[in-house]
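The following note is intended for a colleague who is meeting this structure for the first time.

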Amino acid sequence: MNTTQLKQWLTELAAVIADNRDELSKLDQALGDGDHGINMHRGFQAVLSELPNIKEEDEPAALLQKVATILISKVGGASGPLYGTAFLRMSAACKGKQTLDDETMVVALKQAAEGIAQRGKAAPGEGTLLDVWSTVANEAKETGMDWNQLEASAREGMEATKDMVVKRGRGAILGEQSVGHIDPGAVSSYYLFKTLCNTMKA
Ligand code: ADP
Ligand code: MG
Ligand code: MG
């Protein structure tokens, strides 16, 4: 993966989030305060407007770091710092490389998931976006960067949040009542991986 592919991915992701922002906010009405789509849309539109300033020869790590900074300052809410941390950790794992080989991406995903867990004081199984990131990171470690398999894992991680009692974030207030709802952050994370897999398969 190189900087041009990263830009393609982020462009596609911003479009998918724009198309689904109402759905994401609606899911957040059930478990939170109903703003997840607005938050993510604001953040990824800001990312989109930065992309023309990124040159093909810029390192992937530099772009990933820029995305982190933008998401932290623009998304807000609980999800902004968590997505920001994920991109910061991926940036750190990719430093000094012009193209990212599979081994680097496996490490980047693992460190992103660990960063989210630390930052959110969260664990897998607590009904958050971490359920998608950790499922994908584990799958990548076990079977390598098979993009079809990783998209399926992201979907599994997202769907699994439906049956979970939410333990972190606003949804935790609902206790058992949170069961039966897919977590909005898990859905936006699924879109992130779905568009990444699309870009890499193209
Ligand atoms: P807010 O809850 O502040 O309005 P958002 O609606 O943008 O922020 O994001 C909510 C999402 O953030 C949740 O669906 C969940 O996936 C994620 N989230 C919230 N708190 C945590 C946490 N402590 N650890 C992991 N993920 C979290
Ligand atoms: Mg919210
Ligand atoms: Mg909010």
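1. Helices (H or I, at least four residues) are DSSP runs, numbered from the N terminus. The expected span of a helix is 1.5 Å times one less than its number of residues. This is a predicted model, in which local features need pLDDT of at least 70, side-chain atom pairs count only at pLDDT 80 or more, and totals for chains, interfaces and linings use all residues. Residues are numbered from 1 along each chain as its sequence is written, with chains lettered from A and ligands numbered from 1 in the order in which they are written.

2. Helix H8 (residues 147–160) has 14 residues and spans 20 Å from first to last C-alpha, close to the 20 Å expected at 1.5 Å a residue. Its buried residues (20 or more other C-beta atoms, placed from the backbone, within 10 Å of their own) are Leu150, Glu151, Ser153, Ala154, Gly157 and Met158. They lie on the same side of H8 because they cover an arc of only 160° around the axis, taken from the directions from the helix axis to the C-beta atoms. Helix H7 (130–143) and H9 are among what covers them.

3. Ligand 1 is surrounded by 23 residues (C-beta atom, placed from the backbone, within 6 Å), the closest being Gly77, Gly120, Thr128, Gly169 and Gly185. Helices H3 (36–50), H5 (79–94) and H9 (184–201) each give two or more residues to this shell, and H9 gives the most, with three.

4. The buried residues of H3 include His36, Met40 and Phe44. Those buried residues pack against several helices, including H4 (60–74), H5 and H9, with contact meaning C-beta atoms, placed from the backbone, within 7 Å.

Notes: Buried ≥ 20, exposed ≤ 12 C-beta atoms within 10 Å, placed from the backbone. Contact = placed C-beta atoms within 7 Å.
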